[in-house]
Every structure is written in structure tokens, then in C-alpha cells.
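Subject: Structure for your review

Dear colleague,

Please find below the structure that I am handing over to you. My findings are set out after it.

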Amino acid sequence: MPSAGNRGFGSRREDRETVLGILYAAETQGRENLEVLNEQPVKPESYVYELIEGIASKQEEIDLLIENNAEEWRLERMPVVDRAVMRLAVLELINFPETSIATVINEAVELVGEYSTENSKRFVNGLLSEIADQVRL
């Protein structure tokens, strides 16, 4: 694993994993994302801050997109990891057009594949594809 100072290949993936950990910790502890971010023992990369702050400022819009596209699934019924990964991915789709749709979806699917269930991969892939069609015209 690269050191914190090495911003070479794979660094965005590490940033996304950091964001996932922060979102998961905040939700399971009933705390604010920014509060958990600011308590990190090692200062995360600036992209982590951009993602966490973006999610905090647009969470209502993000959650509405997820819920409106998740047929018969309310947000609170989804696994915490899946919710966190989808919030991250939807923010990237909205705020970071320089990151391709394929990259955003692939990273999200890999994260839920690693940290959630096998069924989550297909669910997240389909849901993010639908959302991408709506937010990236």
C-alpha cells in the first residue's frame, strides 16, 4: 500500500476507501460526517475533504436520487455500506464530471464487493447506471 505521501496510481481508490470509512463511522455512531473527518489522526488528502464536504452539502439531493431510483427499496433499508458507497458515487457523478461514469460505477461496485455483500454489486451497479443517465446528460 502506498504511503500517505505517495499520490501515484490508485490514490483515488484509497481516498474513496477513506471516505467510505468516515461515512460508515459517522452513520453507525450517529455523528456528522464532517465531525468524524476532522477527528482523523492523519490528515486525509484534499480529495477526501472535497467528497465529504460535497456529500454533507448535497446529501438531501443525493439521497432523493438514490431513493427515487431504488425500486421498492427505501434508503434506510439498504445496508449502511451500500448507502455510503452510493452517496459517494452519486456525488462524484454530480460534482466531478472529469471522472468518467465507468470509473465512478466500477469503483463503487468494487467497494461494495469488498465491504458489503455479493448481491450489493449488482444492485449498486444498476442503480448508479440509472442515476448517471439522469445527472450526466
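Predicted model: local features only at pLDDT ≥ 70, side-chain atom pairs only at ≥ 80, totals over all residues.

**Helix α5**

Helix α5 covers residues 101-115, 15 residues in total. From its first C-alpha to its last it reaches 21 Å, which is close to the 21 Å expected at 1.5 Å a residue. Its buried residues are Val-104, Ile-105, Glu-107, Ala-108, Val-109, Leu-111 and Val-112. In general, residues three or four places apart in an α-helix point the same way, because there are 3.6 residues a turn. The cover over the buried residues of α5 includes α1 (11-29), α4 (80-95) and α6 (118-135).

Gly-126 lies in helix α6, and its C-alpha atom is separated by 9.9 Å from that of Val-109, 17 residues away along the chain. With a relative accessibility of 31%, Gly-126 counts as partly exposed, whereas Val-109 is buried.

**Aromatic pairs**

How many aromatic pairs does a search of the whole structure find? There are 2.

One of them joins Tyr-47 and Phe-96 in an edge-to-face arrangement, with 5.2 Å from centre to centre and 70 degrees between the planes. This pair links distant parts of the chain: Tyr-47 belongs to helix α3 (residues 46-69), while Phe-96 sits in the loop between α4 and α5, 49 residues apart. Both Tyr-47 and Phe-96 are buried.

The other consists of Trp-73 and Phe-123, whose ring centres are 5.9 Å apart. Their planes meet at 55 degrees, so the pair is classed as tilted; over 60 degrees would be required for edge-to-face. Because Trp-73 is found in the loop between α3 and α4 and Phe-123 in helix α6, the pair ties together parts that are 50 residues apart in sequence. Trp-73, at 34% relative accessibility, counts as partly exposed. Phe-123, at 25% relative accessibility, also counts as partly exposed.

**Arginines over the rings**

Which residue lies over the face of Tyr-47? Arg-12 does, at 3.6 Å from the ring centre.

With kind regards

Definitions and conventions: Residues numbered from 1 in each chain as written. Heavy atoms only, no water. Helix = DSSP H or I, 4+ residues; strand = E, 2+ residues; numbered from the N terminus. Expected span 1.5 Å × (residues − 1). Buried < 20%, exposed > 50% of the residue type's maximum accessible area, 1.4 Å probe, protein only. Contact = heavy atoms within 4.5 Å. Phe/Tyr/Trp six-rings, centres within 6.5 Å; stacked < 30°, edge-to-face > 60°. Lys NZ or Arg CZ within 6 Å of the ring centre and 35° of its normal.
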